[in-house]
Amino acid sequence: MKEFEELFYKDPYCQEFDAKVLSCTPAEDGFDVLLSDTAFYPEGGGQPSDIGTLDDAHVLHVSRTGDGVVHHADRALEVNSSVHGAIDWNVRFDHMQQHSGEHIMSGLIHHKFGYENVGFHMGPDVTLIDFDGTMTWEQIKEIELEANGIVWRNEVIEAAFPTAEERTAIPYRSKKELSGDVRIVTIPNADVCACCGTHVSRTGEIGLIKALSAVRHHNGTRIELVCGRRAYFDDVEKTDAGNRIMNLLSCRRYETAEAVERLQNSSLAKDRTINAMADQTLKIKADTYPAGGSLIIDEETGIDINALRSFCTKLIKENKAETAAVLFAQGSAEDQINYLIMSNVRNLKEDARVLNEQLNGRGGGRPDAIQGTFRAPIEAIRETLSERLK
Ligand SMILES: [Zn+2]
């Protein structure tokens, strides 16, 4: 029998309590406090620790050591004094909703596929659950619907400490890692599992169970899950985003993906047309240069790099210039000018080194073609190129 009362097991809904301070020792960034009793749940079994207050002290983390529960507080408490503890109920109830929801999903998946839950991490935004077998998204959605059916049935969740003998007759999950007192959490029609966490008393309190994604993970499946209040706020975000997309694309509620796909296809078709037109325009432009020039410096905006490359190639090939440079703006950086330079007489690799130095640039390439960016005013770039490449 433990000498102190674990109120979080006796009554998971206990939010405030009085206890005696058994010890208080300085620790890194605060004090480690042991109490006669506690309602603070210590981190364990995938469930994060509670936070809250002991009188004026903030409890920042709670962990288990042997049979004890250590409260990491931000100020010292007098040994043998009586303190009033209060846990942050919003945080704890959120953990209870996530944990109970996770059990239902894991129990149903175990029952249907025989997979074990081999990893459980309750993060600040989502809960990650790893299973040792693969499932399709459709299969997970089926399980999710069944899990919410358990929520709607408002089943009573029970936790008990059966004896070792009694346990042999109970077909519960997570049999392996446990010795000594084993707490069994039972959710009728969904799950029986060894667990040290805190749970809601009836499944209805979970509110909603929602899988957000599933990916392959170590030959198994990792599911991102949100329950209760988290699932509600996830839905609020998605509803707002969905409504915005609906208005922007003037489409119906469940047809946003198709509308985006149509938009994407039409945008790609436009890109192709624009690129073909740019190509044509640059060909005509190249023809206007007389043959036999030494250096051409050209400026373009909003034209595809491939079209610029064929423009440059054409200028060199048709002897319009020995060296051709195209300057063009692209992307978001305002003070940045892109360059593409080709030549059939120079060693441009060496030019790139000098030009980059003079014009705060970067980039390079082959002796007959270089590409990169300059960070300098366009007039300075033109002047430097004329000087260097003439
Ligand atoms: Zn559990």
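Select D29 to begin: this residue lies in the loop between strands β2 (16–27) and β3 (30–35). Helices (H or I, at least four residues) and strands (E, at least two) are DSSP runs, numbered from the N terminus. The model is a predicted one: local features need pLDDT of at least 70, side-chain atom pairs count only at pLDDT 80 or more, and totals for chains, interfaces and linings use all residues. Residues are numbered from 1 along each chain as its sequence is written.

D29 is not a glycine, yet its phi is positive, near 55°. D29 counts as exposed because it has 9 C-beta neighbours inside 10 Å. A residue is buried if 20 or more other C-beta atoms lie within 10 Å of its own, exposed if 12 or fewer, and partly exposed in between, with C-beta atoms placed from the backbone.

Next, select N80, in the loop between β7 (68–73) and β8 (82–87). N80 also has a positive phi, about 75°, although it is not a glycine. With 11 C-beta neighbours inside 10 Å, N80 counts as exposed.

Move on to Q47, in the loop between β4 (37–38) and β5 (52–54). Is Q47 buried or exposed? Q47 has 24 C-beta neighbours inside 10 Å and therefore counts as buried. Leaving aside neighbours within four places in sequence, Q47 is in contact (C-beta atoms, placed from the backbone, within 7 Å) with Y41, H95, H99, M122, G197 and T198.

Now display the largest nonpolar core, which has 32 residues. Such a core is a set of buried Ala, Val, Leu, Ile, Met, Phe, Trp, Tyr and Cys residues joined through C-beta atoms within 7 Å. Touching the most other members are I104, M105, L108, A147, I209, L225 and C227. Among the elements that give two or more residues to this core are α2 (89–113) and α3 (137–152); the largest share, five residues, comes from α2. Apart from this core lies another, of 26 residues, including L315 and L340.

Finally, select helices α8 (residues 348–358) and α9 (residues 378–389), which pack at an angle of about 150° with their axes 11 Å apart. That angle makes α8 roughly antiparallel to α9, a description applied to angles over 145 degrees, whereas those under 35 count as roughly parallel, 65 to 115 as roughly perpendicular and the rest as oblique. Their contact is made by D351, V354, L355 and Q358 of α8 and T384, R388 and L389 of α9.

Terms used
Axes fitted to C-alpha atoms, helices over the stretch in contact; angles between N-to-C directions. Contact = placed C-beta atoms within 7 Å.
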